Amino acid sequence: MLKSRRVRLERYFNSYNLDAIFFTNLLNIRYLCGFSGSEGALLLSRGAGWFLCDSRYTTQANTEVSDAVIRQFVVKLDAVAELVSEQKFSRIGFESAHTTVADFRVLSEKLPGCELVAIGVELDQIRSLKDQHEIERLQDVASCASSSLLAVLDRLTPGVRETDFARELEFEMLRQGASGRAFDFIVASGERGAMPHGRASDKLISAGDLVTIDFGAVKDGYYSDETATIAVGQPDARSREIYGIVKEAHDRAIAAICPGIACRDLDAVARDFIRDSGYGDCFGHGLGHGVGLEIHEKPVISPRSEAIVAEGMVFTIEPGIYVPGFGGVRIEDTVVVTINGCRLLTQVPKELMIV
Ligand code: ZN
Ligand code: ZN
């Protein structure tokens, strides 16, 4: 399994003409060798791998790490330099988006005969295509979060504080097996719904409010992301109109997903519909983002995205309309791209729910 992930590094070995790639981003390390601890380094050549950790993690590494020799260090960069010299590597790629200037200087000093080649965030793209093992985990965590929201919905009533509802939801997720929450939940009711990232506040939810609930869980290192906008009591006509437009934009984008479509064209499906419905100025953020070992990863679904949708990608579709002084609606699902379309991982129904 991990070997097939490492095949994706071929293009970097080739295009940068590298002997090895040095990883410090713990998510990439987990992805490529299985280690889930909070300190370590990984050096991969075309045919071999070395995982380096300090004594706190040797036992854990012995059970988790596959297809790499485990080495214990006292000073990390000393051990890396020693290994590179020993293997006589002369061109090493490194994750420039995750390496500090200080570490880069130390490594350059310790490896005078070795060229250090900066590889930017593009390296994180290796994680954008999910394998079966990952899709199962992403399905599992998304199910946990969705069923947790459905389990606590009866507590979404007039007079409840946004923060209290957020805590109820988080506790339910933990009870259902999550290891934690994916981020500080957004619970934005009434006028606060106009803030796309309105974290739960002390505001009391009122009858007639639309409540935007953006939530997610973490389980086995994988994240989920979903947003439901729910009416507490009967919503007014304008709220219903806005909900209908966002729902249609969401449905159209999901129907358009297939391998080969450009991410920016997918964004346009929802964005053009919202614009043509008269709310073009009220949808400022991108349509979606990848989800995996991080809550936001590749690909980005936005007007500026260069990425192309491919089978195995997992990303969100989350159009929204935010009207200052009035409120807002966002509807978000996470999907996995299949051979000819997509499948939803998130499970809260997105027809307007009135509780
Ligand atoms: Zn979200
Ligand atoms: Zn999201």
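Is Asp214 buried or exposed? In this predicted model, Asp214 is buried, with a relative accessible area of 4%, where buried means under 20% relative accessible area, exposed over 50%, and partly exposed in between (1.4 Å probe, protein chains only). Local features require pLDDT of at least 70 and side-chain atom pairs pLDDT 80 or more, whereas totals for chains, interfaces and linings use all residues. Residues are numbered from 1 along each chain as its sequence is written, chains are lettered from A and ligands numbered from 1 in the order in which they are written, and side-chain values use heavy atoms, with hydrogens and water left out.

Donors are N, O and S atoms within 2.8 Å of the metal (3.2 Å for Na, K and Ca), and because water is not among the atoms, sites may look incomplete. Asp214 is located in strand β9 (residues 210–215) and Glu332 in the loop between β17 (327–330) and β18 (333–337), so the pair ties together parts that are 118 residues apart in sequence. Helices (H or I, at least four residues) and strands (E, at least two) are DSSP runs, numbered from the N terminus. Glu332, at 0% relative accessibility, is also buried. Asp225 coordinates both the zinc ion (ligand 1) and the zinc ion (ligand 2), and these ions are 3.1 Å apart.

Strand β2 (residues 41–45) is mostly covered, with five of its five residues buried. In a regular strand the side chains alternate between the two faces of the sheet. In β2, Ala41, Leu43 and Ser45 point one way and Leu42 and Leu44 the other way, and all are buried. Strand β2 pairs in the antiparallel sense with β1 (residues 20–23) over four bridges, two strands being paired if DSSP finds at least two bridges between them. Within this pairing, Leu42 is the bridge partner of Phe23. Strand β2 also pairs in the antiparallel sense with β3 (residues 49–53), over four bridges, and Ala41 stands opposite Leu52. The hairpin formed by β2 and β3 has three residues between the strands.

The buried residues of α5 are Lys76, Leu77, Ala79, Val80, Ala81, Leu83 and Val84. Just after α5, Lys88 takes a positive phi of about 60°, although Lys88 is not a glycine. Lys88 is found in the loop between α5 and β5 and is exposed, at 72% relative accessibility.

Aromatic pairs number five; rings of Phe, Tyr and Trp (its six-membered ring) pair if their centres lie within 6.5 Å, and planes under 30 degrees apart count as stacked, over 60 as edge-to-face and the rest as tilted. Phe35 and Phe51 form a tilted pair, 4.5 Å centre to centre with 45° between the planes. Phe35 lies in the loop between α3 (26–33) and β2 and Phe51 in strand β3, so this pair ties together parts that are 16 residues apart in sequence. Phe35 is buried at 1% relative accessible area, and Phe51 is buried at 0%. Phe35, Phe51 and Tyr57 form one aromatic cluster.

Two arginine side chains are placed over aromatic rings. The charged end of Arg238 sits over the ring of Phe326, 4.7 Å from its centre, and that of Arg271 sits over the ring of Phe283, 4.2 Å from its centre. A charge sits over a ring if NZ of Lys or CZ of Arg is within 6 Å of the ring centre and within 35 degrees of the ring normal.
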